[in-house]
Amino acid sequence: MDEDTGSGDVSLSELQLSLMRVLWARGEASTADVAEALRGERDLAHTTVATLLTRLEKRGLLSSRREGRALLYQPLVTQADVQRSMVGSLVDSLFAGRASALVSHLLDARGVDAKELAELQALLKQRKGDAR
């Protein structure tokens, strides 16, 4: 996702991701709905939420429609699209494009329990089968 046109690479701040998560979960929400949903984790003024949503819309990541006096926002990108773009950028910038270096780092830095390691092994086995 290109940051200005909605296609290519997209990078979001943690705050922007929080807003997008609300919209991904709900499908559509007003500024007040998003502010209320975030109240427990972030105490943001209604005007701050409105500004952030407007900026995301200008970047082509959201669309809006008017219902009465409220604007309802809908995501134009999926969570998977944003994850793919942001992880791809991370791999390129920090790990010289090597996914194996990222995985190695995660295994070393995060500590992986037996259940998660089994899940990773299953994913690798599936990918190996897909590559044939």
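A salt bridge here is a side-chain nitrogen of Lys or Arg within 4 Å of a carboxyl oxygen of Asp or Glu. By that rule, the count is seven salt bridges. Keep in mind that this is a predicted model.

Why look for such pairs at all? Because side chains of opposite charge can pair when their charged atoms come close.

Let me take E28 and R65. Their side chains form a salt bridge, with N to O at 2.9 Å. The pair links distant parts of the chain, 37 residues apart: E28 sits in the loop between helix 1 (14–26) and strand 1 (29–30), and R65 sits in strand 2 (residues 62–67). How accessible are the two partners? E28 has 28% relative accessibility and so counts as partly exposed. R65 is also partly exposed, with a relative accessible area of 37%.

Another pair is E14 and R21, whose side chains meet in a salt bridge at 3.2 Å, N to O. E14 has a relative accessible area of 45%, so it is partly exposed. R21 is at 38% relative accessibility, and that makes it partly exposed as well.

Then there is E41 with R42. This salt bridge has its closest N and O atoms 3.7 Å apart. E41 is exposed, because its relative accessible area is 56% and exposed means over 50%. R42, at 24% relative accessibility, counts as partly exposed. Elsewhere, salt bridges that share partners join E28, R65 and E67 into one network.

On to the strands. R65 comes up again here: its bridge partner in strand 3 is L72. How many bridges join strand 2 to strand 3? There are six, and the two strands run antiparallel. Their hairpin has two residues between the strands, and G68 in this hairpin takes a positive phi near 65 degrees. Strand 3, residues 70–75, is also joined to strand 1, by two bridges, and that pair runs antiparallel too. On that side, A29 stands opposite Y73 in strand 3.

Next, helix 6, residues 114–130. What caps the N-terminal end of helix 6? The cap is D113, with a side-chain oxygen 3.3 Å from the backbone nitrogen of K115.

Now the surface. Which residues form a nonpolar patch there? They are V103, L107 and L117, with about 210 Å² of accessible area together. V103 belongs to helix 5, residues 99–110. With a relative accessible area of 41%, V103 is partly exposed.

One more residue, from helix 3, residues 46–58: R55. Is R55 buried or exposed? R55 is exposed, since its relative accessible area is 53%. The C-alpha atoms of R55 and Q16 are separated by 9.7 Å, although the two residues are 39 residues apart along the chain.

Strand 3 pairs antiparallel with strand 2 and with strand 1. Helix 6 has D113 as its N-terminal cap. I will stop there.

Terms used: Residues numbered from 1 in each chain as written. Predicted model: local features only at pLDDT ≥ 70, side-chain atom pairs only at ≥ 80, totals over all residues. Heavy atoms only, no water. Polar contact = N/O pair within 3.5 Å; in protein donor to acceptor, adjacent residues only side chain to side chain. Helix = DSSP H or I, 4+ residues; strand = E, 2+ residues; numbered from the N terminus. Buried < 20%, exposed > 50% of the residue type's maximum accessible area, 1.4 Å probe, protein only. Pairing = 2+ DSSP bridges. Patch = residues over 30% accessible without salt bridge, like charges linked within 9 Å, V, L, I, M, F, W, Y side chains within 5 Å. Areas by Shrake-Rupley, 256 points an atom, 1.4 Å probe, with all protein chains shown as cover.
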